[in-house]
Amino acid sequence: MKLLERSKINEKAIKELGIAAVVILLGLLVGVGGVSGATTVSSCQVINQSGVYTLTGNITDISAAKCIEITASNVVFDGAAHPIDGKDNANTYAVYVYNASATLVNVTVRNLEVTDWAYGIYFWNVEYGAIKNTSVISNTQWGIYLDNASYSYFFNNTVQDTSSYDGLRVKESQNITIENNTFSNNGGNTDADLRLVDSSYNYITGNNFSASGADYAFSIETSAGSSDKNYVVNNTFISHDLNGIYLSSATNTTIYNNTFDVIGAGGNTAGAIRLVTSSNENNISSNTIKDSNDVGIRMESSASNIIDSNTILDS
């Protein structure tokens, strides 16, 4: 793409991604629309049939490796505001969604509270999945892990106090919408509240990132594949020790109309927005950066990026 052409935000592309998010949501609703009634769940179990499943009570202090294991497509698991609580044991899962024989489609987890597991919720090889209205708090490895989980919708969740690694990790996934979520105090050094790895064409909008000691509030990185054409729009980043948004070998990212306040108190390599290692041809426009303690926008070994119409105060 020519430099002049990239000097303006592609508003049409942003709107199209918003429409795509609605299409994904409608697809999820249609996928379970034909199921009537609900099966009640009162303890840990394997769900291997399509349908709607509703948790009827609290599940607490569980030491099982997996509590709710979903191996079927077209499933809604509704927590009905009940918790599934573990014992902080390593390599355990509150909700584990995977089938070794087939890609699962239309699996939704909603209205749930997950605490004290290694992995709160794990989606692996799932398309058109959703996690909605769920709190994932005080887990030890990853709060939520989406691995090869394309065309999925992550909406109105709280991910908080993950002690190691990332609050939400998205790996090798495309066309995911992450919208209207709250991320707070996840991970430690080299970790992130939200991390995309080898993932493209994702839409991150309307989220709140706050009070994190992790190195990155939000990171887009390339490991063995590519991270291209991700859209980061209308998010808020408040009180982060090092970096608000961090790109490593990420290309054609749109970072538009985000707000950053009090970023970078923890070190002299910080930036509200930081690009490293051939993060090229990204567009950073119309963002507001206040009280960044080191640098508002930092670029290292990165080229052909557009920096346009940003407001940077007290940095």
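I looked up Arg195 first: at 5% relative accessibility it counts as buried (buried is under 20% relative accessible area, exposed is over 50%, partly exposed is in between, with a 1.4 Å probe and protein chains only). This is a predicted model, so I kept in mind that local features need pLDDT of at least 70 and side-chain atom pairs count only at pLDDT 80 or more, while totals for chains, interfaces and linings use all residues. Residues are numbered from 1 along each chain as its sequence is written, and side-chain values use heavy atoms, with hydrogens and water left out.

Next I checked the partner of Arg195. Glu221 forms a salt bridge with Arg195, and the closest N and O atoms are 2.3 Å apart (a salt bridge is a side-chain nitrogen of Lys or Arg within 4 Å of a carboxyl oxygen of Asp or Glu). Glu221 sits in strand β25 (residues 216-221) and Arg195 in strand β22 (residues 192-197), so the bridge ties together parts 26 residues apart in sequence. Strands here are DSSP runs of E, at least two residues, numbered from the N terminus. Glu221 counts as buried too, at 17% relative accessibility.

I then followed the network: salt bridges that share partners join Asp166, Arg169, Arg195 and Glu221. Within it, Asp166 and Arg169 meet at 2.9 Å, N to O. Asp166 is buried, at 0% relative accessibility.

Last entry: Arg110 and Asp78. Their salt bridge has its closest N and O atoms 3.0 Å apart. It links strand β10 (residues 107-110) with strand β6 (residues 75-78), the two residues being 32 apart. Arg110 is partly exposed at 26%, whereas Asp78 is buried at 12%. Searching the whole structure, I get seven salt bridges.

Notes
Helix = DSSP H or I, 4+ residues; strand = E, 2+ residues; numbered from the N terminus.
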